[in-house]
Amino acid sequence: METVILNNGVTMPLIGYGTYQIPAHMTEQCVADAICVGYRSIDTAQCYGNEREVGLACRKSGVSRSELFITTKLWACHGFSDTLRSIDSSLRRLNMDYIDLLLIHEPTGDVHEIYRAMECAYREGKLRAIGISNFLEERYLDLINHCEVIPAVNQVETHVFRQQKKLRGLEYQRDTQHESWSPLACGRNGVWKNQTLLEIAGQHGRSVSQIALRFLTQQGIIVIPKSTNTQHMKENLTASEFDLTPEEMQVIEQLEVGRSLFGWW
Ligand SMILES: NC(=O)c1ccc[n+]([C@@H]2O[C@H](COP(=O)([O-])OP(=O)(O)OC[C@H]3O[C@@H](n4cnc5c(N)ncnc54)[C@H](OP(=O)(O)O)[C@@H]3O)[C@@H](O)[C@H]2O)c1
């Protein structure tokens, strides 16, 4: 499995499994399926309401904790002490001794204090890496100017229609790894019927989802596609087994629409 090395030396899989909008009662089975087909990185969040089920599936999988990479995200924390408590409550729900990657879910509230508490928990060994999510250019640079530990990861809406080139350039200079959320655009903007992607998929004997994911991973972007279908899970996990040509990469670059498909950030 392809991996990337984060700025503190921690290794993270290039392709992981997303769990947003998987209801809690389905999460344990879906995560078990994902681990069974070969995923080792699982992305959850406090606000998804499924950390407990992610933890259960991991424990029952028989895969050792050190082989798994678990990401979760803080939601609605108020300052330093509240963040420390929130981190402990995630650890309790996951029933784990440590979290591999903890992110601030979105740039709201006193992010400097929230991040300071994360730095503290990181130094205590409760977190192997810390980072942020949905921090676009201005908020990213602001945090960089106030933190002691450079965020290892910034997880942001990134797919063929919104490629985040400028933000990725800034992150690259400061050694923050870019991670894509909704790498398949969550099916929006006609992605499955997109003519450009269909043609390239035909040339490689691959699916549209594999082309869309490969476009990102070939640029070193971490992806966490979500699926409740084991065939789709397998397809997505093997999306790095081929290469797109420089010409194909250039053609896909033209699909950029210059705006969010979700309008959250
Ligand atoms: N930090 C944030 O603010 C944030 C925001 C959004 C998402 N995320 C994270 O990013 C993860 C992925 O994003 P997402 O769940 O929004 O969307 P996504 O992964 O871009 O797309 C998921 C959709 O694509 C379908 N799909 C997946 N693989 C497929 C395939 N091979 N062929 C056809 N359809 C396929 C899924 O349906 P099936 O289930 O039927 O396969 C589902 O409807 C989330 O689960 C979450 O962990 C983070």
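Tutor: **A close look at strand β7**

Strand β7 pairs with strand β8 (residues 153-157) in the parallel sense, over two bridges. Strands pair if DSSP finds at least two bridges between them. Strands are DSSP runs of E with at least two residues; helices are runs of H or I with at least four; both are numbered from the N terminus. In this pairing, isoleucine 132 stands opposite asparagine 154 of β8. Between β7 and β8 the chain passes through helix α5 (residues 137-144), and this β-α-β crossover is right-handed.

A word on the basis. This is a predicted model: local features need pLDDT of at least 70, side-chain atom pairs count only at pLDDT 80 or more, and totals for chains, interfaces and linings use all residues. Residues are numbered from 1 along each chain as its sequence is written.

Now to another partner of β7. Strand β6 (residues 99-104) runs parallel to β7, and five bridges join them. Leucine 103 has glycine 131 of β7 as its bridge partner. The chain goes from β6 to β7 by way of helix α4 (residues 111-123), in a right-handed β-α-β crossover.

Strand β7 spans residues 127-133, and seven of its seven residues are buried, so the strand is largely enclosed by the rest of the structure. A residue is buried if 20 or more other C-beta atoms lie within 10 Å of its own, exposed if 12 or fewer, and partly exposed in between; C-beta atoms are placed from the backbone.

Terms used. Right-handed = clockwise from strand over helix to strand, strands pointing away.
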